[in-house]
Every structure is written in C-alpha cells, then in structure tokens.
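Here are my notes on the model, point by point. Please read them with the structure open.

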Amino acid sequence: MEANKIYPDPLQVREELIQRYPSKVAKKRAKSIIVNDPEIIPEVQANVRTVPGIITQRGCSYAGCKGVVLGPTRDIVNIVHGPIGCSFYAWLTRRNQTRTESLMDANYIPYCFSTDMQEENVVFGGEKKLKIAIQEAYDLFHPKSIAIFSTCPVGLIGDDVHAASKEMREKFGDCNVFGFSCEGYRGVSQSAGHHIANNGVFKHMVGRNNTPSVGKFKLNLLGEYNIGGDAFEIERIFDKVGITLVSSFSGNSTVSQIENAHTADLNVILCHRSINYMGDMMETKYGIPWMKVNFVGADSTVKSLRKIAEYFGDEELKAKVEELIAEEMPRVKAIIEEILPRTTGKTAMLFVGGSRAHHYQDLFSELGMTTVAAGYEFAHRDDYEGRDVLPKIKVDADSKNIEELKVLPDPELYNPRKTEAELEALKEKGLEINGYSGMMKQMTKKSLVVDDLSHYESEKLIEIYKPDIFCAGIKEKYVVQKMGIPLKQLHSYDYGGPYTGFEGAVNFYKDIDRMVNNPVWKLIKAPWQKAGATNGKSKGLEASYVTQ
Amino acid sequence: MLLRHTSKEVKEREGLTINPAKTCQPIGAMYAALGIHGCLPHSHGSQGCCSYHRSTLTRHYKEPVMAATSSFTEGASVFGGQANLLAAIDTIFAVYEPDIIAVHSTCLSETIGDDLQQITRKARDDGKIPEGKHVIFASTPSFIGSHVTGYANMLTGIAEQFAVSTSAKKNQINIIAGWMEPSDMREIKLLSKKLGIKIVLFPDTSDVLDAPQSGKHVFYPKGGTTVSELQSTGDSLFSIALGAISAEPAAIALEKKCKVGFETLDIPIGLTATDRFIMKMSEVANVSVPDEITEERGRLVDVMADMEQYLYGKRVALFGDPDQLLPLTEFLLDLNMKPVHIVSGTPGQRFEKQMRQLLDERSPETNFRNGLQADMFLLHQWMKNDPVDLLIGNTYGKYMARDEDVPFIRFGFPILDRIGHSYFPNVGYSGSLRLVEKILSAIMDRQDRDALEEKFELVM
C-alpha cells in the first residue's frame with residue numbers, strides 16, 4: 001500500500017493512540033489496535049468489554065435484538081417490557097423500510113409499544129402489567145405475532161417474560177407470543193442481542209409453516225435490514241434473474257415469510273455478525289447451506305450473483321445473471337468513470353457495525369479510494385480474521401451467558417440441499433460456503449485495524465491521517481464534521497440510500513463525490529482568519545480616504 | 001396510511017403505552033449537564049442508555065454530544081456498579097479531562113440499589129478526583145417521571161452540590177432555565193441584558209449545542225454555566241425558576257441550602273407569559289422596562305391584531321412537555337385559537353391542576369390528559385373523532401399529520417427532521433413572534449393549497 005509511505009509508521013500511530021490512557025487501559029486497548037498483514041493475519045482483540053468511562057460507539061443487547069434483528073419485520077407487535085425510554089429510542093430510528101402490498105396489510109413499524117414500567121412494577125413485579133399489555137395489544141390489533149423484549153430491570157426483578165408469553169399464546173390460540181431476554185447488560189455490545197434474537201426467531205418462528213415454497217431457485221436473504229431500501233434493490237435484482245426470495249431476515253419481511261424460510265435451498269448472508277447463527281442453525285436442522293455474499297458495491301453484486309448462480313448450477317440462471325450484468329453495468333460504469341477523476345487517490349476510514357466496515361471498502365475501492373484504517377463497533381474475531389479462527393476464540397464470562405442453542409437435524413425436515421462433495425466442489429470455485437474470510441484479508445498491508453474505536457482514538461486518527469472521509473454513526477457524525485472532515489453515516493446512510501446493488505452503487509458514488517468535493521469544507525475559515533489577511537491591522541479606511 | 005392500525009374507537013388501556021409522549025429521565029439529566037461549562041455527563045448503567053441518549057440529542061441538535069458510560073455487564077449488574085463507576089472516573093479524568101463529571105443513574109443502577117452519593121464520596125476519599133475537579137450526581141431512575149423530571153433532578157443536583165452562600169450577597173439574579181433550547185437560553189440572556197439585570201442562567205446550553213464550525217472539535221465548548229457562576233448562585237438576591245416541573249425543584253434546593261428566595265414562572269412562551277417574566281424581572285431587580293422591550297412587545301401585538309382573522313377559532317391539537325404546553329396553550333388562547341386536544345406523557349398532579357385551571361377558565365371543553373397512557377395513540381384517536389386544523393408537537397407528530405392531512409408545526413423535544421429550534425427562539429416577544437409566523441404560515445399555506453382556483457388569493 002502507498003499509505004505507509006505517506007503516513008507515519010502504524011506502530012507509532014498505535015503508541016500515540018494509547019499513550020494518554022491509564023496503563024491498564026493502554027495495555028488492553030493495544031490488543032485491539034492492530035497493524036494489518038493480509039498474508040499472515042494477526043490476532044485482533046474483539047468482543048471484549050469496553051473500559052468504563054471510555055466514550056464508545058457501542059450500544060446494548062436490547063438494541064441488537066429489538067432494534068436490529070426483530071425491528072424490520074412489519075407484522076409483529078413488538079412490546080418492550082420496561083421503562084419508557086428503551087422503546088422510545090428504538091422507535092423508527094433505524095430506517096427499516098417496508099412495503100405492504102395493500103393498505104389492509106399489517107404494518108406496525110411506525111408504532112412504539114411499551115409497558116412503561118413504573119416504580120411499583122419494579123418493586124412488586126411487572127408480569128401482571130405485561131400480561132395486561134399483551135392482552136390490550138391483542139384486542140386492539142389482532143396481530144399474527146407479539147414479541148416481548150426485556151430491558152435491564154426485567155431480568156433483575158425476575159419477571160419471566162417467557163412464561164408470560166407462553167400463557168398468553170396458549171390463551172389466544174391464534175397469536176404467536178414469544179419473549180426475548182435481551183436485557184441491555186447482557187454481553188458487551190449489541191452483538192449479544194443479535195445472538196439472542198437469532199435464537200428466539202429460530203425457536204419461535206422458523207419452521208412453523210411447512211407449505212413448500214414455489215420457485216426454481218429459492219433462497220433466504222440473511223442479515224439484510226432494508227435500511228434506506230437496500231432490500232428493495234436486491235429484490236429487484238432477484239426478480240429480474242428469476243431467483244425466488246422465500247424470506248428475508250429481516251428487511252421488508254413478514255411473519256409468514258420467516259415461518260416458511262426453511263423451505264428455501266440456500267441462505268445468503270450479508271451481515272455475517274448479526275445473523276451467522278441463523279445460517280448455522282438452519283444448516284444443522286434443515287440441511288440448507290449458507291454462503292457469504294455482498295451486495296454493497298457494483299462489482300461485489302456481480303460477483304455475488306455469479307456465486308449464487310454457480311451454487312444452483314443452472315445454465316439458464318447463469319445466462320440470466322450475465323444478461324442482467326450486461327444490462328446494468330454500462331450505466332454504472334458510465335457514472336463511475338465520470339466521477340473517478342474526482343475521487344481517485346482519496347482516503348477513507350470506516351469504523352462501524354459488525355460487517356459494514358468490511359462491505360463498504362468495496363465501494364470505496366470502486367471509487368479509487370484507499371481505506372487507511374477500519375474497524376468494527378461490535379464484531380468478533382471471525383469478522384476480522386475469518387471463520388477459521390473460530391475454534392481458537394476463548395469463551396469469556398460475558399459470552400458464556402449468551403445461550404448457544406443445541407440444534408439437531410430435524411427428523412422429518414432435514415434434507416441436505418447439496419452433498420458434501422458438491423459443497424467441496426463449490427468451495428473450490430471460490431464460493432464462501434458456510435464460511436467467511438473476514439475483513440483483514442481484503443485490507444492492505446500496514447493499514448490499521450481498530451476494534452471498538454473510542455472517541456479519543458478517532459480524533460487522534462483523524463489528526464494523524466487527515467482522511468478525506470470518515471464513516472461511522474450518528475454519535476460521531478458532527479464531531480468529525482466539526483474537524484472539517486465529512487462523515488458518512490453507515491447505519492442510517494444520512495437518510496439516503498439504497499446503497500446495495502447497481503442502483504445503490506450509483507447512489508453511493510454520487511454521495512461520496514458530493515461529500516469529499518463539497519465547497520463548504522473550504523469555507524470554514526473566514527476571510528479575515530486566513531494567512532495574510534489584514535483583519536483590521538492595516539491602515540483603516542478613514543486614513544486612506546484622508547490621504548487621497 | 002402510516003398509522004393504519006389506529007382506530008377511532010377509544011378504549012381505556014392500563015398496561016400498554018402506544019406512541020409515547022415522553023421519554024425517560026436520564027436523557028433529561030444528560031441534557032441539563034451539557035449546559036454546565038467543562039462538564040462531561042456520565043450515564044451509570046448499560047452502554048445502550050448512553051448511546052441512545054447521545055444519539056437522540058445528536059439528531060435533535062446536529063451537534064456533537066459527548067457523554068460517557070459505566071458500561072455495565074452482567075457481572076456489574078449482579079455485584080453492583082461501584083467498581084465500574086470508580087474505574088470510569090479514573091479513565092475520564094485521565095483521558096477527557098473535564099472540570100466536572102455529572103453522573104446520573106439509570107433504571108439498571110437504581111434497581112440494583114447503587115448509591116451514587118456513597119460511590120462519589122468513595123471516589124473522593126480514594127483520591128480519584130483531582131484537585132479543583134468535581135463529580136456531581138443525580139438520581140434519575142427511568143421508571144419514575146419522564147425526561148422532564150430527569151432534567152429537573154440533574155438541575156437540583158447541580159444547585160445542591162455547587163451553590164455556596166458567603167456573607168456577601170451579590171447583585172445578581174438566578175434564572176433557572178426549565179427545559180428549553182439553546183436559542184431560548186440565548187434569548188433570556190439577551191432580554192436580561194436589555195433590562196440591565198445581571199443574571200446567572202443555569203443550565204445554559206447556548207454556545208454548547210449550537211457551536212460554530214471552526215475546523216476544530218472543541219470537546220468542552222465555550223458555553224455553559226461555569227463552576228464559579230454556579231457557586232455564586234448561593235449569594236444571589238433571588239431566583240426565578242422558569243417552569244414548575246423542570247426548574248422549580250432546583251430553586252427549592254437553592255432556597256433550602258442558601259436561603260435564596262424564589263418565584264416560579266412559566267417558560268416565557270407567548271405574550272402573557274413573557275409579560276409576567278418581564279414584570280417579575282423588573283420588580284425583583286428594581287429596574288424599569290426599557291422602550292426597546294416595550295417596542296418588541298408592540299410588534300408582537302401588532303401582528304396578532306393584524307392577522308387575527310386567520311387565527312380565530314382554528315382548532316389545535318398539541319402534545320409535549322408540561323412546562324412548554326402550559327404557556328403555549330395560554331398563547332393559543334390569546335391568539336383566539338382553540339386548543340382542542342392536549343396530551344403529555346409526563347405524569348404529575350401539579351401540571352394537571354394548572355392546565356385544568358387554565359382550561360376551566362378559558363376553554364373548558366378541551367380534551368386534556370397527562371401521565372400514564374396519555375400517549376400519541378390516544379391523541380390520534382381524539383383527532384379522528386374531533387378533527388383539528390393544526391397539530392403542534394415533536395417530530396413524531398408528522399405521522400399523524402400526514403395521515404390526517406393536518407398542517408403540522410414542530411415544537412418540543414425531539415425534533416429530528418428539521419433545524420431551527422437551536423438557533424431561533426420560541427421564548428420572549430421575538431420568539432413568540434416567530435411562533436405566530438410559523439402558525440400563520442402553516443395555516444395560510446394550507447389555505448393556498450386547498451383554495452378553489454377562483455378563490456385563490458394574491459393578498460392575504
């Protein structure tokens with residue numbers, strides 16, 4: 001990479017990032033700040049506790065469970081059991097778009113449901129109020145499903161949301177009620193909540209409807225949450241090549257789709273971090289292989305479509321995919337070629353999510369931009385180093401508390417879609433079947449990888465590298481922009497998007513071009529603050545007037 | 001339809017809140033602490049709380065919102081959060097170097113019984129608080145009150161833990177700001193300056209949450225009430241608390257600790273509330289009101305008189321927080337408008353009584369509810385039964401406004417989809433003039449949109 005010629009030695013950068021920390025903190029942080037080598041991937045400390053007092057990007061387990069995984073399914077009434085705030089903050093803030101077929105179809109996404117737990121509920125228990133709330137939701141809306149999400153106090157006071165859910169489910173008969181123990185203190189970040197959500201969706205939803213799905217090439221889209229309409233673009237592409245989307249986990253999804261997901265023949269995984277558990281569990285129970293794909297980036301989309309066609313091994317599908325690529329790519333190419341001269345050679349940093357910091361590097365490389373540093377907010381070592389590292393990951397006290405479901409092949413429904421030999425052959429062809437090689441393999445030598453970047457480290461990195469764009473979330477947005485560097489939000493897309501597929505790539509190219517070349521960044525200094533400006537120090541107007 | 005499941009038929013609920021017109025205490029505590037210079041708010045709970053509060057405040061202000069967290073895990077939740085908070089205090093003073101750490105509790109730390117007074121005392125005894133630095137705290141469990149009472153609790157903590165009374169009284173007046181925007185606080189300071197009165201305003205988020213673009217991120221921006229100003233509040237002549245729910249508790253604490261007398265007024269939104277504010281200021285500081293202010297007032301009344309035909313009888317639904325709703329309702333009545341439905345999620349009999357009293361006198365048929373299940377779902381149902389011409393409330397109102405095709409004015413917290421609230425005030429005569437302008441624009445834009453071609457007016 002050119003970067004090490006331009007920038008200081010990354011090992012020195014690391015020293016600079018940690019020098020201000022108390023020694024114990026510095027020692028801990030040093031293990032999460034790694035100089036990359038894609039050939040011999042070094043170990044990155046990840047998925048460990050954030051030091052108290054450090055200003056972190058991370059959120060909580062509840063956010064990962066309700067906010068990320070369950071939030072996008074439109075016809076579940078999601079009741080948050082706890083004080084009002086948790087439900088309020090997760091209300092419509094993640095931009096999971098959804099499109100119903102008619103006005104008659106259920107869509108509860110614009111609603112916020114809470115038990116608004118009061119002090120008396122904390123003291124005397126909140127189960128009674130929860131059951132009343134479930135009953136009221138049932139009476140008002142008659143939904144197909146009601147999901148209950150536990151917030152911090154719930155676990156501490158011992159409310160049994162699972163028992164309450166079961167009781168109400170049995171009482172109603174026609175409404176699936178189930179609970180999640182996703183209290184905010186579980187695990188070390190949102191990641192724990194993803195796992196808890198995967199377990200609950202797998203236990204309570206997947207496999208409830210055995211009606212065979214119709215279609216020749218049937219797959220589920222895992223880890224796609226339809227932020228800014230990302231799933232709509234992928235659906236459009238699938239539709240054009242004749243791929244049947246049985247279910248999405250969980251962007252633009254419905255309860256009945258998820259209940260029928262086990263009838264698909266392939267799971268493609270976008271966000272590995274938040275949904276890989278589901279892929280594994282469906283593989284074991286139903287024999288559906290999963291494959292890592294990426295629809296972020298035009299070239300990545302092309303590659304992913306070819307891989308899917310290769311998986312199904314159908315010549316007609318392959319031809320259709322090529323046809324689509326031939327149809328879509330010229331427009332994409334025309335636009336990027338026009339933009340490239342303005343973006344080539346610029347640098348980016350990405351510190352976000354559990355997969356996005358990887359995926360979006362593809363788009364930046366399409367823009368001719370170099371990623372000089374990247375890291376995740378809540379990922380695990382396998383997201384950095386690849387899944388080969390899984391057996392080596394030590395299970396610590398925080399991970400131990402998150403249930404690992406014991407999954408066995410279903411006596412009736414287990415049906416391996418491919419033989420071991422077929423899977424091996426596909427892997428030979430470069431398909432990431434039941435595997436993921438992680439972010440670092442793709443990053444250049446001597447680029448910097450930082451897990452759970454702190455506020456302090458982000459400011460230091462910006463000072464040292466002066467990137468042309470920084471990618472993170474809303475909490476970082478205006479901090480970075482105050483430093484005169486544009487920040488692209490990769491959770492909310494700054495309320496734009498979609499960024500997937502061909503349409504998304506074009507959107508992203510245009511957005512980044514606009515941001516890195518915006519004249520506003522040159523207007524920060526007032527004329528009188530610029531070097532050589534007089535700012536009232538020259539002879540005043542009055543004097544010159546007098547001399548004339 | 002965005003809210004397609006909201007039916008007309010109102011059924012009483014006891015367990016379920018739908019589309020709340022409030023949020024939880026800690027975010028209010030965080031906002032209040034940001035109005036203290038050199039202060040880093042600290043959330044003693046799970047990471048999610050801090051992340052959510054920072055995100056919401058950031059979306060509302062489009063500004064950096066810095067705050068730290070105790071990052072509770074399951075272990076801390078079982079064994080208590082003392083070790084986490086002590087570690088956090090160490091880290092924060094070493095890395096972020098604030099003058100003050102303002103700790104607030106959460107539902108988690110309150111449920112397990114963490115005692116912030118005891119933990120912060122231990123931090124002091126263990127020498128974790130550097131010379132000249134401060135750690136203050138407020139108890140803000142999310143299962144009591146709302147964001148508004150959380151704000152009040154942090155302000156009370158600030159008053160109790162900083163104010164000092166010496167023998168020397170200072171010729172200044174404390175103004176304890178109820179929940180208002182940086183722009184409003186700036187306007188209060190401006191009005192006081194015009195009156196020639198020296199005030200200590202706290203908190204003061206102007207020059208904090210409306211910071212200029214300078215090419216630098218200033219971690220502790222220029223604004224905020226300073227420690228020495230806060231200490232001096234104990235020697236002030238008098239306190240004026242703007243807002244019974246969000247500001248008065250701090251005034252009471254100050255009176256108890258330092259014997260500074262106080263009076264509680266409404267936040268000066270609208271003509272009459274501003275009149276009361278100016279009158280009280282002039283009375284306690286013994287100054288006469290300058291012509292400049294009288295003229296400002298005159299301009300507001302002038303517009304109210306000239307445009308009265310567009311305002312008369314217009315039916316309004318509003319939701320939000322007690323200390324804003326009360327003067328806003330009064331102002332709507334002064335504008336000859338008709339508040340039809342009012343909802344606030346913040347519980348409390350004080351507010352209920354005050355609002356009832358106002359409505360009984362001037363608009364007895366208005367639907368009003370606050371507290372549990374007084375939510376936007378109920379408000380929306382009321383609107384379906386009894387339609388309105390205008391909706392006023394925070395950003396979440398836009399879903400109802402679009403479904404019901406009602407003009408909508410963003411007012412309150414949070415406003416996530418527009419700018420302006422941090423720059424242009426709603427308080428004082430000029431802020432009220434801005435409000436009238438907004439109301440008129442909303443109503444008159446609608447008239448323009450809906451008018452038959454032959455009835456389309458050039459001059460209005």
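This is a predicted model: local features need pLDDT of at least 70, side-chain atom pairs count only at pLDDT 80 or more; totals for chains, interfaces and linings use all residues.

1. Start just past helix α21(A). There G484(A) takes a positive phi of about 85°.

2. Next, the interface. Chain A brings 81 residues to the contact and chain B brings 76 residues. The buried area between chain A and chain B is about 6800 Å². Carbon and sulfur atoms give 63% of that area.

3. Polar links cross the interface too. The rule finds 37 residue pairs in polar contact between chain A and chain B, both residues at pLDDT 80 or more. On the chain A side, α4 (61-70), α5 (84-89), β3 (113-114), α6 (119-124), α7 (127-141), α8 (152-157), α20 (455-465) and α21 (474-482) each supply at least two residues. Helix α7(A) gives the most, with 8 residues. By class, the side of chain A that touches chain B has 45 nonpolar, 21 polar and 15 charged residues.

4. Salt bridges between chain A and chain B number 4. One joins R20(A) to E97(B), with the closest N and O atoms 2.6 Å apart.

5. β3(A) runs antiparallel to strand β1 (residues 17-18) of chain B, over 2 bridges. In this pairing F113(A) stands opposite I18(B).

6. In chain A, F249(A) and S250(A) are joined by one, with omega about 5°. S250(A) belongs to strand β7 (residues 243-250) of chain A. In chain B, the bond from F413(B) to P414(B) is cis, omega near -5°. P414(B) sits in the loop between β14 (408-410) and α18 (428-450) of chain B.

7. N434(A) is near 50°, in the loop between α19 (420-428) and β12 (448-450). D452(A) is at about 50°, in the loop between β12 and α20. Are they buried or exposed? N434(A) is partly exposed at 25% relative accessibility. D452(A) is buried, with a relative accessible area of 5%.

8. Now the interior of chain B. F162(B) lies in helix α7 (residues 147-162) of chain B and is buried, at 3% relative accessibility. F162(B) touches I100(B), H134(B), I136(B), V227(B), L230(B) and Q231(B), leaving aside residues up to four places away in sequence. Q231(B) is 69 residues from F162(B) along the chain, yet their C-alpha atoms are separated by 5.1 Å.

9. Strand β7 (residues 199-202) of chain B is covered on both faces. I199(B) and L201(B) are buried on one side, V200(B) and F202(B) on the other. Strand β6 (residues 173-177) of chain B runs parallel to β7(B), joined by 4 bridges. N174(B) has V200(B) as its bridge partner.

10. Over all chains the structure holds 63 salt bridges. E322(A) and R306(A) form one, at 2.8 Å from N to O. The pair links helix α15 (residues 315-343) and helix α14 (residues 298-312) of chain A, the two residues being 16 residues apart. E322(A) is partly exposed at 35% relative accessibility, and R306(A) is partly exposed at 40%.

11. A further salt bridge joins D210(B) and R186(B), with the closest N and O atoms 2.8 Å apart. D210(B) lies in the loop between β7 and α9 (227-232) of chain B and R186(B) in helix α8 (residues 182-195), so the pair ties together parts 24 residues apart in sequence. D210(B) is buried at 10% relative accessibility, whereas R186(B) is partly exposed at 34%.

Key
Residues are numbered from 1 along each chain as its sequence is written. Chains are lettered from A and ligands numbered from 1 in the order in which they are written. Side-chain values use heavy atoms; hydrogens and water are left out. Contact means heavy atoms within 4.5 Å. Buried area is the accessible area (1.4 Å probe) that two parts lose on being put together, summed over both. A salt bridge is a side-chain nitrogen of Lys or Arg within 4 Å of a carboxyl oxygen of Asp or Glu. A polar contact is a pair of N or O atoms within 3.5 Å; within protein, one must be able to donate a hydrogen and the other to accept it, and residues adjacent in sequence count only if both atoms are side-chain atoms. Ala, Val, Leu, Ile, Met, Phe, Trp, Tyr, Cys and Pro count as nonpolar, Asp, Glu, Lys and Arg as charged, and the others, Gly among them, as polar. Two strands pair if DSSP finds at least two bridges between them. Buried means under 20% relative accessible area, exposed over 50%, partly exposed in between (1.4 Å probe, protein chains only).
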